[in-house]
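This note is written for a colleague who is meeting the structure for the first time. Please read the points below alongside the model.

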Amino acid sequence: LRPTYPQKWKAYNAAQQNEKAHFEVLLADLCRGIVQPTQRTGRNRLPLADVVYAAVMKVYSTFSGRRASTDILECESKGFINHSPHYNSVFNYLRDPTLTPLLTQLIEQSARPLRAVETQFAVDSTGFSTSVYNRWLDHKYGKPKKKAVWLKAHASIGVKTHIVTSVTITDGDSHDSPEFAGLVRRTAQAFPVKGVMADKAYLSHDNLEVVAAVGGAAYVPFKSNSTDGGSKEWEKLWHLFHYRQDEFKKHYHLRSNCEAGFSMIKRKIGGSVKSKKFESQTNEILCKFLAHNIIVLIHEMYELGITPEFHKN
């Protein structure tokens, strides 16, 4: 059973007071499973687990690389990492595109301790601003113009705890709907999916079929120009949306928890990235999501009494 409001408030205060200490321990346990890539020639590379740990700690602290070095050195003295990498080394690794699938895997792994809690998921996207601009000359008016570059994070989030179960980073102009299937399928690999909520941007026959294939029900509102007829899942959702509005809204309004999850990340860890290159911007955003998941686990440790174990199975 979920705790009462006074119990939740007491748990929240306790989690806030001890968050950083728990964060260091849980992040170290999560990075313990990172396998060092094989190296046959060249200068010895830094331990990948230490680099990932330092990158996530740097993003979690919201400090610059130099200012975050103190916290990372302290983590080394506590035995959480073997070697504290220089901040320039952390930046160099963040530019490596091969780090992206590893961080994505760690995010999904960090969500698994809550697989007995979450069965309903909301899918949406949110933007992260950068300090990079695209500049061009407008020949019509003869004036230079610029447009801010931003990235989009597509995520599946549990509606009870706001844990991120899967995430994909794209450029700011990419469409939402094509990312839906991958997010739902990766979520279903570790979680029992009973319902998926999304807005009109994700309405398509293929997306409804994907949710049905993993054993769940999709709750997506229809557009003004949508028509009846089509697949079995389309027909079921059509009748639910038009003839049982109260039941549909009861499920669909859970989608707002996705917005709450994005708000948690941006308020606490920041809604912009400091990196300049697309690869490093992508990895920086993924570090934000990983830090968010660990924070959620810490709060659920106090609220639900769970003990996260990342390498049990």
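The numbered points that follow describe selected parts of this predicted model.

1. Helix H3. This helix covers residues 48-61, 14 residues in total. From its first C-alpha to its last, H3 reaches 20 Å, close to the 20 Å expected at 1.5 Å a residue. The helix is mostly covered, with 14 of its 14 residues buried. Just after H3 comes Thr62, which has a positive phi of about 65°.

2. The nonpolar core. Which residues have the most contacts inside the largest nonpolar core? They are Phe23, Val52 and Phe289, and the core itself has 89 residues. In soluble globular proteins, nonpolar side chains tend to be buried together. Leaving aside residues up to four places away in sequence, Phe23 touches Val56, Met57 and Tyr60, and also Ala291, Ile294, Ile295 and Ile298.

3. The hairpin of E2 and E3. Strand E2 (residues 143-158) pairs with strand E3 (residues 164-171) in the antiparallel sense, over 7 bridges. Within this pairing, Lys152 stands opposite Thr170 of E3. The two strands form a hairpin with 5 residues between them. In the turn, His162 has a positive phi of about 65°.

4. Asp199. This residue lies in the loop between strand E4 (195-197) and helix H8 (205-213). Is Asp199 buried or exposed? The relative accessible area of Asp199 is 19%, and the residue is therefore buried, since buried means under 20%. Not counting residues up to four places away in sequence, Asp199 is in contact with Asp124, Val220, Pro221, Tyr252 and Arg255.

5. Arg255. The loop between helix H10 (245-252) and helix H11 (256-269) holds Arg255. Because its relative accessibility is 15%, Arg255 counts as buried. The side chain of Arg255 makes a polar contact with the side chain of Asp124 at 2.8 Å. Another polar contact joins the side chain of Arg255 to that of Glu259, at 3.4 Å. With residues up to four places away in sequence not counted, Arg255 touches Ala122, Asp124, Met197, Ala198 and Asp199.

Notes. Residues numbered from 1 in each chain as written. Predicted model: local features only at pLDDT ≥ 70, side-chain atom pairs only at ≥ 80, totals over all residues. Heavy atoms only, no water. Pairing = 2+ DSSP bridges. Helix = DSSP H or I, 4+ residues; strand = E, 2+ residues; numbered from the N terminus. Buried < 20%, exposed > 50% of the residue type's maximum accessible area, 1.4 Å probe, protein only. Contact = heavy atoms within 4.5 Å. Core = buried A, V, L, I, M, F, W, Y, C linked by side-chain atoms within 4.5 Å. Polar contact = N/O pair within 3.5 Å; in protein donor to acceptor, adjacent residues only side chain to side chain. Expected span 1.5 Å × (residues − 1).
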